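Q: I would like a close look at a single part of this model. Please keep the wording plain.

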Amino acid sequence: MEIFNIKNLSFTYNTSDKKAVNSINMTVSSGDFLLVIGQSGCGKTTLLKMLKKELTPFGKKEGEIFYKGKNIELLNERESAQSIGFIMQDPDSQIVTDKVYSELAFGLENLGYDKEVIRAKVSEFASCFGFLESFDSSVDKLSGGEKQMLNLASVMALNPEVIILDEPTSMLDPISANDFFSTLKRINNDFGTTVIISEHHLQEVFHLADRVVCLENGEITALDTPKNVCKSLKGKKIMKTLPAPARVFNSVKAYGECPITVKEGRKMLSSIALNRNKISSEELKNDDVILSCKNIWFRYERKSKDILKNCSFNVNKGEFYALLGENGCGKSTLLNIINGSLKPYRGKIKCDLKSAYLPQNPKNVFVKDTLEQDFKMIDNSYLELSEQFGLSDFLKTHPYDLSGGELQRASICKILLSNPDILLLDEPTKGLDTFAKINLGSFLKQLCKKGLTIVMVTHDVEFSAEFSDRCGLLFDGGITSENSVREFFSQNIFYTTSASKMSKGMIENAVTADDIIGCING
């Protein structure tokens, strides 16, 4: 049965002459798991929001969307709220109450359910989604992964027929993201709930989909099973975004079905002759310590538990250091201590040079009505850097009117205008697609070659593997694992890349798809 039928759908924002979505014709069957992929700005978010009429942006709409045979515009508020759930990118943007139990009950209360029904449903979903211990807790105490799981539980409490998700794991660590996708697929399988999801991180979700739709410039360029879509994208720019096994398959002489999981990728790799089976590790030669954290202890309140415990690490001049760890382990806290916003109650930080800090929410960087005004506050010579970041056309734009990726680029551009010696980045790839990440990573590496030092907090293991020099894992308040990038990811089991999992035991020190391709093609 068709749950969505999209006919000749186009949409143009009031601020643009270009169609964000152009002539979309597509059906979604009940129980489908549909994955939407494409570069930033291709129309993914616009399309998904139009499937939930309350979220439809302002602009000119052409064509029609039918939900179970009924024009979506004719759905009343109760039908839309109960039948079509929506989960956003930022977990905090969707939470509206202060307690876990209140959040689980919020939607049910607004739909007018009896107290007995609400209590029964809330207790059931608290049990199923693992919120028994935190049932009375403040939502502020939850990690990013727990908050997003709470959003999913709150939506599922309404028993929707469709869940629409717009990059729901962009702020989650790899393990939390994997747990979230596993729960989502279980919901799809066990309840037949239709799932429509857009994602940039495809490795953990691509193989879960029944169908994949690829958008480019607002138009559908591919719509098929995951493996068929991978084959159809061979040689195209978007292929760079595919899971590592598919990228390798499309870049070497391989036969049979296109692999999309690590298991399938290992099977393919074992049947291919390698030109070499080891990649040499490149050590950072410079040992001029520019930042030193020694025996740092920190807690937010006198009687609360320690977030950081005897934490020590050094960063060298010109180094790109990536700090990884699960949500809530203290990574952002450590950055704020380094930049002076927070003070440890024990330990020492040695950092005599000028640093600049990019917070997780890039909106916090901007205070003026246009990018140009914000940039001029720092330095009048902003034009060259703006062009390097692809922001020349947005200088007269209000920062809040930019897309997530554009806003992230703009925030980095602004803090670089202060000409810092040390750059502190908190989740700089959040909201960026693969191509924007490559541009950002390449630019940051060039800055490192000129002497800039970077300390980056991130969940993005693929980005870290490709661009950082050294990685550290923060766990239980301290750095428990630290090494050069190749040794770090080669030695890890879970906190590692798909390429490393795929090539382990066959190619030593391979951590990216390009590493594997190079070892095959020579």
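Which residues does Thr-169 touch, not counting residues up to four places away in sequence? Please also describe the strands and helices of the model.

A: This is a predicted model. Leaving out residues up to four places away in sequence, Thr-169 touches Ala-177, Phe-180, Phe-181, Glu-199 and His-201. With one of these, Glu-199, the contact is polar: the side chains of Thr-169 and Glu-199 meet at 2.8 Å. Thr-169 has a relative accessibility of 2%. Buried means under 20%, so Thr-169 counts as buried.

Next comes the place of this residue in the chain. Thr-169 sits in a loop, with strand S7 (162-166) on one side and helix H6 (174-191) on the other. Helix H6 lies across strand S3 (33-37), S7 and strand S8 (194-198). The direction of H6 runs at about 150° to that of S8.

The strands S7, S8 and S3 belong to an open sheet of 6 strands, whose order is S6-S7-S8-S3-S9-S10. The pairing in this sheet is mixed. Its edge strands are strand S6 (84-87) and strand S10 (219-224), and each of them pairs on one side only. On average, neighbouring strands of the sheet are turned by 15° against each other, with direction ignored. Helix H5 (residues 144-156) also packs on the sheet, where it touches S6 and S7. The direction of H5 makes about 170° with that of S6.

Strands of a sheet pair through backbone hydrogen bonds, in either a parallel or an antiparallel way.

Further strand pairs involve strand S1. Strand S1 (residues 2-13) pairs with strand S2 (residues 19-29) in the antiparallel sense, over 7 bridges. S1 and S2 form a hairpin, with 5 residues between them. Asn-5 stands opposite Thr-27 in S2. S1 also pairs with strand S4 (residues 59-67), again in the antiparallel sense, over 8 bridges. There, Phe-11 stands opposite Lys-61 in S4.

To return to the residue in question, Thr-169 is buried in the loop between S7 and H6, and its side chain makes a polar contact with that of Glu-199.

How values were computed
Residues are numbered from 1 along each chain as its sequence is written. This is a predicted model: local features need pLDDT of at least 70, side-chain atom pairs count only at pLDDT 80 or more; totals for chains, interfaces and linings use all residues. Side-chain values use heavy atoms; hydrogens and water are left out. Helices (H or I, at least four residues) and strands (E, at least two) are DSSP runs, numbered from the N terminus. Buried means under 20% relative accessible area, exposed over 50%, partly exposed in between (1.4 Å probe, protein chains only). A polar contact is a pair of N or O atoms within 3.5 Å; within protein, one must be able to donate a hydrogen and the other to accept it, and residues adjacent in sequence count only if both atoms are side-chain atoms. Contact means heavy atoms within 4.5 Å. Two strands pair if DSSP finds at least two bridges between them. Axes are lines fitted to C-alpha atoms, for helices over the stretch in contact, and angles run from 0 to 180 degrees between N-to-C directions.
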